[in-house]
Amino acid sequence: MTRETDAVTTENPSAVQGRPGEVPDGAASGDGQAARSGARRRPAALTVVSLLAVALFALWGIGTPLIGTSSLTSTSEMVGESPYAESGFVGSTTTNAYLDDTYTSLFPSVILYKSALKGGLTNGQWDPYMSGGVPLASTPNYALASPLSLVYYALPTWLAPAYERLLEVLVCVGGCYLFLRRLKLSRPAAITAGMVFATSGFVVAWLNFPQTRVAAFIPALFWTIERYLQERRLRDAALIPLPLASMLLGGFPAVAGYAVLTAGAYALTRIAVEHRSTLRKAWRPLVGTGLGAAAGVGLAAFQLLPFSAFLHSWYTDGRAQNGAQHLDPTTLLTAFAPWAFGGVNANNPPVSYVGPNLVESLSYISAAAAVLVLVAFALQRSARAMLPRGVWVFFAAATLAWGGLIYLGGWPLVAVQDLPGLRSVFSINYIGRSRSVLGFLLAVLAGVGFELLLRHRAAARSRSGTRWAAGVVVVTTGVTAVLMYFGVKDSRTEQRLLRQAHAPGTPWPTFWHQMIYSWLLILAAIACVALLWIAARRRELPGGERTWRRIRFAAAAALPLLIAGQSINLLTEYYPKSSTDTFYPVTDTHSYLAANLGEQRYAAGGSGMVFGTNVAYDLRSVDGHAFINTAFTALLKGIPGNPVPFATYIDIDASTAAATSPILDTLGTKYFVTALSDPILGTETAAKSDGSQLTLRPGQSVSEPVPAIGALRGVGITAQGTIPDALGASDPDSWIQVTLRDPSGTQVAQSKRMTNELNTSDPFLFPVTADSVASGTRLTATITLHATAPLTLAATNGAAPALTTVAGAADGLKLVHVGTSAIYQRTTAQPRIRWASNSQVVTDQNQRVQMLAAGQVDGDSVLLSSGGPQAAGQPASVDVDEDGLDTVSATVNANGQGYLVVADADQVGWTAAVDGKKAPLLPADEGVVAVSVPAGTHTVTLNFAAPHGTIAYTLTAGTAVILVAVVIGEAWWIRRRRKSEPGLGGIAAQ
């Protein structure tokens, strides 16, 4: 193929002298003459347009969070739940309801770690507040050591996500640019490919998750490998560890594994093709690449080795994958029509209904990029001639291979899941997440397609190329038609369901609306391709060469702008922009727990509190969202209900059985928190209405003696008839208040609830803190409506509201606070750090859990999983001296041999010492730990250190020193050779 180009893009590469891959930009209005040697040139117009397209999508897509008027988070969804909603955020909505994992796990962990760093860099290795205790900065789970997380330490946490996303865009685009320039593509093509990757479905959909902080470095990894294979210098091999280590520190090993596997295959392909006639020389680049990869692992060892130690102790049931767990092929339509199957906004249905959800299934690359990918396949002969050996074949084959695994699954997916070396990557991770790699592969092909159009000359065409292009078009059209057929079937089913749930005429995006819009964009891109193709023959066309040159430039400039324009539409719809006030506000529930919890825990039942958010407030909770210790999980499963619905979730039922579980006693659970809408824990007595009704008007109060006498936890009313729309709206100023007074008129309790939760099927209950009133006390309830519409209630004699009551019970619970939540004190809770004067060894796990769940283990006893000194049955006093993130210390004054029990999941990474001397830390009460303490006064200290930390930090430091030494040593050696060999310096300088 003749490598002729025209003025839209570059000079003729064959005429350029320089290093491989260095292709100078040409001026958009250039005259075809080479620039003077050493002269500084302005960027070509098409390069400027491509850069502007990147800036446009990045800045416009992220939008107002960059200037701090909103936050690029979904905390607006978080505050729509208890206890935030009741504190004034009722009715708060989000445009994206699929990012809740970020505010239940990632952001709280970042907040905690930033706080811990104030005490020194070594702090914050452990999070004691969630799920009994979990690793924090000692593992890469939260990407706290990722280079892309640096903005979190420089900016407020609510502001940082916007700039972290902007930094990801720069890394994505920059990495693609460097890689494709190494492949001799022009600047516009390289920049456009970077934009395609930065706007690809995986990168967009996993906003604020660690996954994208891994994926962003995929292009840079390929660039460092290609650079080394071209240059063969040690300094280039020393670059490979940098993006690899950054990926490994990004917090999602599966994405790193997919990328490393693909990059390794790329390196092998390039080496094999380049050395096919001299394979005995291939060992050098193979060794160099392998050593670079090993160095990347070494740099990240300070987190990888602790992670590997914890991995074997985490509960991972339910994560196993099989060949049937892949994306529906119809989701490929989202490659150019991202909203074809609905979106992520529950207030603008339909929400995504094909695939697991849009985060897991969005395959977007844009309509124009899809056309450019087809160009790369259609002009495969020209592409192969343009690129270094083996590159086009690899990217085409890798794209098809990953596409087959992701969208077809079957026996090929089973095969890779069963391969011994790949099981840890494929067997417990959803294959759809390898879209991270597929997005990069498609971006490169889109860049290649763009470059082919920019370089095209009429003389370069051939019949075989035309036939190949026609074949690609026919096959693609057929596949798209099949996908659309099944997509239409799914869409019609969804729309039928929506019509049943919404009034006729309710607007929602339809399948055909989205497809028509996307096909118009495809046609526009095809028109640009056609103009570029036709304009290559401008000397043979009427209108003059200058006119066709302008047309060619306009068509070329339109392609990156089409990509940016459609991507902006996706980003502005997908990216949430929450009010900064919604970023972990403090409610009375948080304040009460902070003032009274001490070193104990709370548990939230039902929707009482958003699990995981407690970490942001330094509140210790049983609940959480993180990988959970296996033994601790077994203990939790003894709580009635389903407290571990998913491998990383602890979510307890709002039931009396769960709230009074002896296992919560073992864990030092002082409080049980429920939402105002959750069932009130106690004995409910239904209202006795005679069928009459009472209309309660806005601002009106009505009083009625409470039917139950004595301790009371709840009072309820029953709405009748149709509830006015004004009362059903999410309005923080629309609420009902209940006030309880004793016979003397003294206020005993007060409670209120928003009217948006009213319904006519169940009593509307108000929790009240009247658990401690004297037996026989008769209370009076005053009901006041604060709203803009009247409410009809079930009544007695038409004059007084019929009241449902919830009486207290001898269940070990006491309702002590009602505000934005209901907080019960658990009077049977044991101290989280306590003395056990008796011990018993039970080796069977099921038996241990059954005994603890049945309350057969006294508060002064401990169950040991294996042998230990027998406790003497003597009491002791325990004074907690320190209860921090990574250290727990207590002074024990014991009358005899016994155990200090710390009810935390501290079975991995923690060590114990008694009076400064190392002591065994024993698994106890199934999921917690204990230390044997002899009689007398002793100081017992528990410390956390990352498992294998000493060797891990040594390995990381050693690797860094070696890499620096390699770079400096090579530079010294080259300089020495130049001095020792006469004339070499002068030759090298020419």
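Student: Where does S131 lie?
Tutor: In this predicted model, S131 sits in the loop between β1 (126–127) and β2 (134–135).

Student: What is its phi, given that S131 is not a glycine?
Tutor: The phi of S131 is positive, at about 55°. For context, most residues other than glycine have a negative phi.

Student: And is S131 buried or exposed?
Tutor: S131 is buried, and its relative accessible area is 1%.

Student: Which loop holds D618?
Tutor: D618 belongs to the loop between β3 (601–604) and β4 (624–625). D618 also has a positive phi, about 60°, although it is not a glycine.

Student: Why does D618 count as partly exposed rather than buried?
Tutor: The relative accessibility of D618 is 40%. Buried means under 20% and exposed means over 50%, so a residue in between counts as partly exposed.

Student: On to the backbone between S82 and P83: is that peptide bond cis or trans?
Tutor: The bond from S82 to P83 is cis, with omega near 0°. By comparison, most peptide bonds are trans. P83 is located in the loop between α2 (75–78) and α3 (100–117).

Student: Turning to helix packing, how do the axes of α1 and α6 cross?
Tutor: The axes of α1 (residues 45–62) and α6 (residues 187–198) come within 8 Å, with a crossing angle of roughly 15°. Angles under 35 degrees count as roughly parallel, and α1 is therefore roughly parallel to α6. The crossing of these two helices is left-handed.

Student: Which residues of α1 and α6 meet?
Tutor: From α1 the residues are L46, T47, S50, L51, A53, V54 and F57, and they meet R187, P188, I191, T192, M195 and A198 of α6. Sorted by class, this contact has 9 nonpolar, 3 polar and 1 charged residues.

Student: How much of α14 is covered?
Tutor: Helix α14 (residues 301–311) is mostly covered, with 8 of its 11 residues buried. Those buried residues are A301, F302, Q303, L304, P306, F307, A309 and F310.

Student: Now the whole chain: how many helices and strands does it have?
Tutor: The protein chain contains 32 helices and 30 strands. Of its 990 residues, 56% count as buried.

Student: What share of the contacts comes from residues 24 or more positions apart?
Tutor: Such pairs account for 77% of the contacts in the protein chain with a separation of 6 or more.

Student: Finally, what is the accessible surface of the protein chain?
Tutor: The accessible surface comes to about 38900 Å², and 57% of that belongs to carbon and sulfur atoms.

How values were computed: Residues are numbered from 1 along each chain as its sequence is written. This is a predicted model: local features need pLDDT of at least 70, side-chain atom pairs count only at pLDDT 80 or more; totals for chains, interfaces and linings use all residues. Side-chain values use heavy atoms; hydrogens and water are left out. Helices (H or I, at least four residues) and strands (E, at least two) are DSSP runs, numbered from the N terminus. Buried means under 20% relative accessible area, exposed over 50%, partly exposed in between (1.4 Å probe, protein chains only). Contact means heavy atoms within 4.5 Å. Accessible areas come from the Shrake-Rupley method with a 1.4 Å probe; for residues, only the protein chains shown count as cover. Axes are lines fitted to C-alpha atoms, for helices over the stretch in contact, and angles run from 0 to 180 degrees between N-to-C directions. Angles under 35 degrees count as roughly parallel, over 145 as roughly antiparallel, 65 to 115 as roughly perpendicular and the rest as oblique. A crossing is left-handed if the near helix is turned anticlockwise from the far one by less than a right angle, and right-handed if clockwise. Ala, Val, Leu, Ile, Met, Phe, Trp, Tyr, Cys and Pro count as nonpolar, Asp, Glu, Lys and Arg as charged, and the others, Gly among them, as polar.
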